[in-house]
Amino acid sequence: LSNWNWFEAWKDRPVKKRGDEYDEVKQTIGHKMIEQMCKLFPSIRDKIVYTEIASPLTNQYYIGQPNGEIYGLDHTMERFHPWMVARLRPETDIPGLYLTGQDTLEAGFTGALFSGVISAQVCLGRPVLYDLIRLHDRLETVQNKKEK
């Protein structure tokens, strides 16, 4: 979501050691994006508990994308049209064939992870996300009891 040219000066520097100027540019752009989102959706501001801001260099390093490009389907307005969203789902017209990954739900790494949960729900016919939340709560309860 940002321009490769803005970060190209740091492309040969090691990850997590690109310097203060790089971090400042990355954080400034990232926080401006977050502020814009909060202007569009004001009620989300107090729901933000953690942010991780990345640059095209991050994508290049972790997922090997040339120039840190976003991967998968083109991220155009047509990609997110309701008709296309309805077509990009885990179920297919071929019995037993299911799809998963960032293009069946939302773009990016987190979209791919969440898509895996949605696909598992479809394949297993049960609320996997709810199962995970319940498991988390039970583990947290056990941990809290151990700490007391």
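1. Glu 91 counts as partly exposed, at 33% relative accessibility. (Buried is under 20% relative accessible area, exposed is over 50%, and partly exposed lies in between, with a 1.4 Å probe and protein chains only.) Glu 91 forms a salt bridge with Arg 89, with the closest N and O atoms 3.7 Å apart. (A salt bridge is a side-chain nitrogen of Lys or Arg within 4 Å of a carboxyl oxygen of Asp or Glu.) Arg 89 is partly exposed too, with a relative accessible area of 28%.

2. On the basis of the values: this is a predicted model, where local features need pLDDT of at least 70 and side-chain atom pairs count only at pLDDT 80 or more, while totals for chains, interfaces and linings use all residues. Residues are numbered from 1 along each chain as its sequence is written, and side-chain values use heavy atoms, with hydrogens and water left out.

3. The structure holds four salt bridges. One of them joins Glu 35 to Arg 45, with the closest N and O atoms 2.9 Å apart. Glu 35 lies in helix H1 (residues 20-40) and Arg 45 in the loop between H1 and helix H2 (56-63), so the pair ties together parts that are 10 residues apart in sequence. (Helices, H or I of at least four residues, and strands, E of at least two, are DSSP runs numbered from the N terminus.) Glu 35 is partly exposed at 36% relative accessibility. Arg 45 is partly exposed at 41%.

4. Arg 126 pairs with Asp 131 in a salt bridge, the closest N and O atoms being 2.6 Å apart. Arg 126 is partly exposed, with a relative accessible area of 42%.

5. Now helix H2. Ser 55 caps its N-terminal end: a side-chain oxygen of Ser 55 lies 3.1 Å from the backbone nitrogen of Leu 57. The buried residues of H2 are Pro 56, Leu 57 and Thr 58. H1 is among the parts that cover them. Just after H2, Gly 64 takes a positive phi of about 70°.

6. Tyr 62 lies in H2. What does Tyr 62 touch, not counting residues up to four places away in sequence? It touches Val 15 and Lys 16. (Contact means heavy atoms within 4.5 Å.) Tyr 62 and Val 15 are 47 residues apart in sequence, and their C-alpha atoms are 9.6 Å apart in space.

7. The second largest pocket holds about 200 Å³ of space. Of the 13 residues that line it, the closest to its centre are Val 15, Lys 16, Tyr 22, Lys 26 and Thr 58. H1 and H2 are the elements that give two or more residues to this lining. H1 gives the most, with three residues. (On a 1 Å grid over the protein atoms alone, a pocket is an open set of points where a 1.4 Å probe fits, with protein on both sides within 12 Å along at least five of seven lines; lining residues have an atom within 4 Å of a point.)

8. How do the residues of that lining divide into nonpolar, polar and charged? There are five nonpolar, two polar and six charged. (Ala, Val, Leu, Ile, Met, Phe, Trp, Tyr, Cys and Pro count as nonpolar, Asp, Glu, Lys and Arg as charged, and the others, Gly among them, as polar.)

9. Ser 115 is found in helix H4 (residues 108-124). Ser 115 is buried, with a relative accessible area of 1%. Leaving aside neighbours within four places in sequence, Ser 115 is in contact with Thr 100, Gly 101, Thr 104 and Leu 105.

Note on methods
A polar contact is a pair of N or O atoms within 3.5 Å; within protein, one must be able to donate a hydrogen and the other to accept it, and residues adjacent in sequence count only if both atoms are side-chain atoms. Grid points are joined across faces, edges and corners, and a volume is the space filled by probe spheres set on the points.
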